[in-house]
Amino acid sequence: KDVAVTSFALSLGVIEYQTLVLRGDLDAASEMLPDIPEDQKNKIARFLEGQGYKDQALEIATDSEHRFELALGLGQLQIALELAREADVEHKWKTVGDAALTAWDLALAVECFKHARDLSSLLLLYTSSADATGLRELATQAKEAGLHNIAFTALWQLSDVDGCIDLLLDTHRVAEAVMFAQT
C-alpha cells in the first residue's frame, strides 16, 4: 500500500531503430521500419526531426499537422499544398502562400491566397504583376466583402475613374466622390 507502481510500455523495435539512427546507420534503420507499429511512426518521426533527419521524418510521419510543418520547413511546397487542400483551413492556405512567395512561385501564391480569401495579399500580387484581370476580379470580391479600401485601390490601379467614383458614391462618401471627380 505504501508503494506506487508506474508502468511504461517500451517497444523493442522503436528502441532498436533509435539506436541505429544514433549510431548513424540509417540503412539498417530503414530496413527495420516495416517492423515498427503504425502508432509509433509519429514518435519515430519526431525523433528523426530532433536528430536533424527531416527528410526521413517527412516520409515516416503519419500526422498531417506534423507532415505539414516538415514539408514547409524543407521547402516541399507541393506536399504542403496537398495537405492544405485536404485540410482546407484558411491559415494553412496563408502559410503555403507565404512560403510560395518566399520561393518566388507567384502562381502558387495566388492560388493559395484565393483559397485563404486574403485580398490584401492578392492586391499586392496583382498590382506588382500588373494583372488587370486579377485586379478586376479582386475589386468585385472586395466590394462583396465590404473591403472598400482594397476595392478602391484595385480600381485606381486599373485607371477606372468611373468605378472609383461609383464606389465612393455607393459607400456614401459623396464629398470624396466630388473631390475625386474634380481632380
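Predicted model: local features only at pLDDT ≥ 70, side-chain atom pairs only at ≥ 80, totals over all residues.
Cys 112 has a relative accessibility of 0%, so Cys 112 counts as buried (buried means under 20% relative accessible area, exposed means over 50%, and partly exposed is anything in between, using a 1.4 Å probe and protein chains only).

Residues are numbered from 1 along each chain as its sequence is written, and side-chain values use heavy atoms, leaving out hydrogens and water.

Cys 112 is one of the buried residues of helix H8, which covers residues 106-116 (helices, H or I with at least four residues, and strands, E with at least two, are DSSP runs numbered from the N terminus). The buried residues of H8 also include Leu 108, Ala 109, Val 110, Phe 113 and Ala 116. Which helices do the buried residues of H8 pack against? They pack against H6, H7 and H9 (contact means heavy atoms within 4.5 Å).

Just after H8 comes Arg 117, which takes a positive phi of about 55°. Helix H9 itself runs over residues 119-129 and holds Ser 120. Ser 120 is partly exposed, with a relative accessible area of 46%. Ser 120 and Asn 149 are 29 residues apart in sequence, and their C-alpha atoms are 9.8 Å apart in space.

## H6 against H7

Now for two helices that pack together. The axes of H6 (residues 77-87) and H7 come within 9 Å and cross at roughly 160° (axes are lines fitted to C-alpha atoms, for helices over the stretch in contact, with angles from 0 to 180 degrees between N-to-C directions). That makes H6 roughly antiparallel to H7 (over 145 degrees counts as roughly antiparallel, under 35 as roughly parallel, 65 to 115 as roughly perpendicular and the rest as oblique). From H6, the contact is made by Leu 77, Ala 80, Leu 81, Ala 84, Arg 85 and Ala 87, and from H7 by Lys 92, Trp 93, Val 96, Ala 99 and Ala 100.

## Salt bridges

There are six salt bridges in the structure (a salt bridge is a side-chain nitrogen of Lys or Arg within 4 Å of a carboxyl oxygen of Asp or Glu). In one of them, the side chains of Glu 65 and Lys 92 meet with an N to O distance of 2.9 Å. This pair links distant parts of the chain, with Glu 65 in helix H5 (residues 64-74) and Lys 92 in helix H7 (residues 90-102), 27 residues apart.

Asp 160 forms a salt bridge with Arg 136, the closest N and O atoms being 3.0 Å apart. Asp 160 lies in the loop between helix H11 (148-157) and helix H12 (161-170), and Arg 136 lies in helix H10 (residues 132-145), so the pair ties together parts that are 24 residues apart in sequence. Arg 136 is partly exposed, at 40%.

Arg 173 and Glu 176 form a salt bridge too, with their closest N and O atoms 3.2 Å apart. Arg 173 is partly exposed, at 43%, and Glu 176 is partly exposed, at 38%.

## Around H12 and H13

The axes of H12 and helix H13 (residues 174-182) come within 8 Å and cross at roughly 160°. That makes H12 roughly antiparallel to H13. Here Cys 164 turns up again: along with Val 161, Ile 165, Leu 168 and Leu 169 in H12, Cys 164 belongs to the group that meets Val 174, Glu 176, Ala 177, Phe 180 and Ala 181 in H13.

His 172 lies in the loop between H12 and H13. The phi of His 172 is near 60°, a positive value in a residue other than glycine, and His 172 is exposed, with a relative accessible area of 71%. Over in the loop between H11 and H12 you will find Ser 159. Ser 159 also has a positive phi, near 60°, and is exposed at 57%.

Lys 41 is found in helix H3, residues 41-51. Lys 41 is buried, with a relative accessible area of 12%. What is Lys 41 in contact with, leaving aside its neighbours within four places in sequence? Leu 33, Ile 36, Ile 60 and Thr 62.
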